[in-house]
Amino acid sequence: MDAIIELREKKRLFRRNRKIIVVLAAAAVVLSSPTVRGPSSLRDRQDHTRRILLARLYNGTDINCYNLLRMNKNSFRSLCNILVEKGLIVETQNVTVQESVGLFLYIIAHNNKFRDVGGTYLRSNDTISRHFNKVLKAILKLSTDYIKLPETTQASKWGYFKDCVGAIDGTHIDVTVPVIDQGKYRNRKQAITTNVLGVCDANMKFIYVLPGWEGSSSDSRVLRNALVREDRFEVPVVQQMDLGKEQAVKEKHKTYIHWTSEMDTALSSTLLDQLNLGNKGANGWKGVAFTAEITALWEECHVRMTKEKIMARLKTWNKYFQEISAMLDTSGFGWDWDKHVVKVDSAEVWADYIRAHPSLRHYKDKVIVNWSDLAALCGSDRATGINAATSVESANQIHVEDTDDEDDFGNESLRPRKKKAKKPSNLDKIADAVTHIAYNLDGPTEVAPVVQPRREMTRIEMMYAALAPMTDLSEADMISAIDMLGADEIKCECFLVMPEILRRAWLRLHLGD
């Protein structure tokens, strides 16, 4: 019996000792292994978090990469390799090529803001902006290698359109512009957009893109500009097709109003009064302005008018102003203020212009009695296409930045900030304008001009710059013009946006009043 009890005690001690040995062995293994520690500093923690987020961006699954960057991982790596091999982008100390291209694609794929992307990926707005523009410039330089005109057509895809080599159309894209420029970018649907011309070949690949034109410009005007630009669109020569008479669809059940010169004068004078009253906002004319115009047309011309018909007339006026202004900017053309028509130096000048613009032949001897009013009403809303540029033209204008200095998240305050120039007061502006006028009227022996460096011209300086070439004005007329334009900001803006040929007549008209 004692032997059995002793055997059980030995087994119990053995099991206890075995557990103790296993625990000690595990502790020895843990103590002998290297210690795993997290990032010690804030910057290390930010870098660690950024690497995890970026790995999810372009090193995850193909589906996730496509959803975030709109391309799979193979395409992403190929794009990065092409940019590096061509020397268009260089990896810096703190930002890799993959991160620059990945953030660029992430921003344009989802229309994200720099501030949102910087907060998510722990980069400053300055770093995001600089690397975004570097990749954008590099992508633009690749356009000449990948965007080419088609050489042959595929009859299998275009069997119903013989000799068709592609498709062309314009699209309107919403943009955000300053309030003063919104009139140029407002399209026929009253939206603020930019008109983009796109051309694709038979394989549904874009071969030409011209962005930048204001939304108020028509597709035909953008196309005409694309055909004469430095990087112009060259249309392949095809045989003329017989479109038939079935495509000519006549509009029925529409009533048209014949606008007389008296109606135009009444409408334009009322619009000018409403403009001076401030009844034209950022979104167009206010309702009270249309009410006043309808009332004036009934009282002066006994014609019942609607808002829609007035808006249609304004659209016609805007077309007149754009086409005639382009004509007046051409050498050999002018405006006859007595007959209210376009005057031409010779028949050869008119023939050459009509040969290039056959749709404008109806402007010969066309009377527009309110041309000076159209300049004030439509001058600021004229589309010029000054910001339009193709990818090749943009690539020729850009210069890749050479700096590799990086700025990590939260370090903007370490950069030296530029001191803002002191804003001149109204008294300083008036004093400068009077000094310049006295200098030009009395000569340099009377008053010495005070020249102060300015970053940009003030409204009064622009007003004087526009008045200075008018040497035929007397001193009294010059002073009266300065008093009138300086007191009325709306009149001053109307005067500045007018073509130089209209300023003298507009000024005499208002000074005569």
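**Figure 1. Overview of the protein, shown as a predicted model.** Of the 513 residues in the protein, 36% are buried. The secondary structure of this predicted model comes to 21 helices and seven strands. When contacts between residues at least 6 apart in sequence are considered, 62% of them join residues at least 24 apart. The accessible surface of the protein amounts to about 33,500 Å², and carbon and sulfur atoms account for 54% of that surface.

**Figure 2. Close-up of the packing of helix H6 against helix H7.** Helix H6 covers residues 114-121 and helix H7 covers residues 125-141, and the two pack at an angle of about 115° with their axes 9 Å apart. Angles of 65 to 115 degrees count as roughly perpendicular, and H6 and H7 are therefore roughly perpendicular to each other. The crossing in which H6 passes H7 is right-handed. On the H6 side the residues that take part are Phe114, Arg115, Val117 and Gly118, and these meet Asn125, Ile128, Ser129 and Phe132 on the H7 side. Sorted by class, the residues of this contact of H6 with H7 are four nonpolar, three polar and one charged.

**Figure 3. Close-up of the packing of helix H11 against helix H12.** Helix H11, which spans residues 261-276, packs with helix H12, which spans residues 287-301, at an angle of about 145°, and the axes of the two helices lie 9 Å apart. H11 and H12 cross in a right-handed manner. From H11, the residues that make the contact are Glu262, Met263, Ala266, Leu267, Thr270, Leu271 and Gln274, while H12 contributes Val288, Ala289, Ala292, Glu293, Ala296, Leu297, Glu300 and Cys301. Taken by class, the residues in the contact of H11 with H12 comprise 10 nonpolar, two polar and three charged ones.

Key: Residues numbered from 1 in each chain as written. Predicted model: local features only at pLDDT ≥ 70, side-chain atom pairs only at ≥ 80, totals over all residues. Heavy atoms only, no water. Axes fitted to C-alpha atoms, helices over the stretch in contact; angles between N-to-C directions. Helix = DSSP H or I, 4+ residues; strand = E, 2+ residues; numbered from the N terminus. Parallel < 35°, antiparallel > 145°, perpendicular 65-115°, else oblique. Left-handed = near helix turned anticlockwise from the far one by under 90°. Contact = heavy atoms within 4.5 Å. Nonpolar A, V, L, I, M, F, W, Y, C, P; charged D, E, K, R; others polar. Buried < 20%, exposed > 50% of the residue type's maximum accessible area, 1.4 Å probe, protein only. Areas by Shrake-Rupley, 256 points an atom, 1.4 Å probe, with all protein chains shown as cover.
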